[in-house]
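Please keep the viewer open as you read.

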Amino acid sequence: MAFDYDKYLRPGKLPHIWCPGCGHGIVMKGLIRAMDTLNLKKEETAVVSGIGCASRLPGYIDCCTLHTAHGRAAAFATGVKMAKPEMNVILVGGDGDGTAIGGNHFIHACRRNINMTYIIMNNYIYGMTGGQFSPCTPTGAKASTTPYGNPDPGFDIAKLAIGAGATFVARGTAFHANQIDKLIAEAIQHKGFSVVEILDDCPTTYGRRNKYKSVIEMMNRLKDVAVPVKAAEKMTAEQLQGKVLTGVLYKDETKPEYTAEYAKVIERATAAK
Amino acid sequence: MEKKLPKIEIIEKYCKGCHICVEFCPKDVLEMKGFYASVKNLEACIKCMQCELRCPDFAIKVITE
């Protein structure tokens, strides 16, 4: 039976604003399927975003949603989680929003290990503002602000998150649509800060500047570069050149969670009075 | 036994004509008709749901029993 997405969508909001072939819609469907699998209650789920194409996502989902300042999704979401620790807090955003303008908030949310899930849709560019390069734009790629090729090396979001202290890090792609909901569901269930990076395509501002003839070519690229973690174990370093690992990359269940730790602080402070 | 065919519903109001469903259908069931995707060969459908999963615009529903 066809999956009923309407259950989690605000009525009358479709068609969404994303361009033809943009993978954000695929990720949104993945998130909705994950919410349905976990049976999340709308009034106990908050979807928080910053600014950008990907950050328009909460506008379509029917639950508690916050559309905040650019890059500040993690800061606002931390506030929501601290005030109501029983809520499921899901952050969504793009690579520019999450790792450049909100880079500081992102690494500190990772460091705190607060129980939230951050879904980063990495399309290698600032799409909404006109195709400026982001910290994830690969070296040599063209953007509106790097017409002769980007000299900077790009961030590896997953490694950044692991290094900063996130306790669950996974990566998927918009092409492997079937995997997205499973990764997101596992991330939501994890007690601690979880990051799910989804490699995405931006045919409008990235694709046409970087000689991708069509959406299909961009999707095929995602298909080619992705290597599941288990398959990668059997591959040599040479074979893995230029590939990107997908699946659950890191999981640590031993690190204390922030809201639980903060509750202890409140307890100590009240006892000291 | 007669094969039960699914019903593939394409919501043209939502379809943005990105070609994803047509290109990644393993059985070549769909085609582009003008701007929108449409069903070409329903008999070949194996109900793998790839088109429904990958449609970024919520425009395809594969209804099986």
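Two strands pair if DSSP finds at least two bridges between them; strands (E, at least two residues) and helices (H or I, at least four) are DSSP runs, numbered from the N terminus. This is a predicted model, in which local features need pLDDT of at least 70, side-chain atom pairs count only at pLDDT 80 or more, and totals for chains, interfaces and linings use all residues. Residues are numbered from 1 along each chain as its sequence is written, while chains are lettered from A and ligands numbered from 1 in the order in which they are written.

| Partner of E1(A) | Bridges | Direction |
|---|---|---|
| strand E2 (residues 64-67) of chain A | 4 bridges | parallel |
| strand E3 (residues 88-94) of chain A | 5 bridges | parallel |

A:Val47 sits opposite A:Thr65 in E2(A), and A:Val48 faces A:Leu91 in E3(A). Because 5 of the 5 residues of E1(A) are buried, the strand is largely enclosed by the rest of the structure. A residue counts as buried if 20 or more other C-beta atoms, placed from the backbone, lie within 10 Å of its own.

Finally, 18 residues of chain B are in contact (C-beta atoms within 7 Å, placed from the backbone) with 19 residues of chain A.

Definitions and conventions
Two residues are in contact if their C-beta atoms, placed from the backbone, lie within 7 Å. A residue is buried if 20 or more other C-beta atoms lie within 10 Å of its own, exposed if 12 or fewer, and partly exposed in between; C-beta atoms are placed from the backbone.
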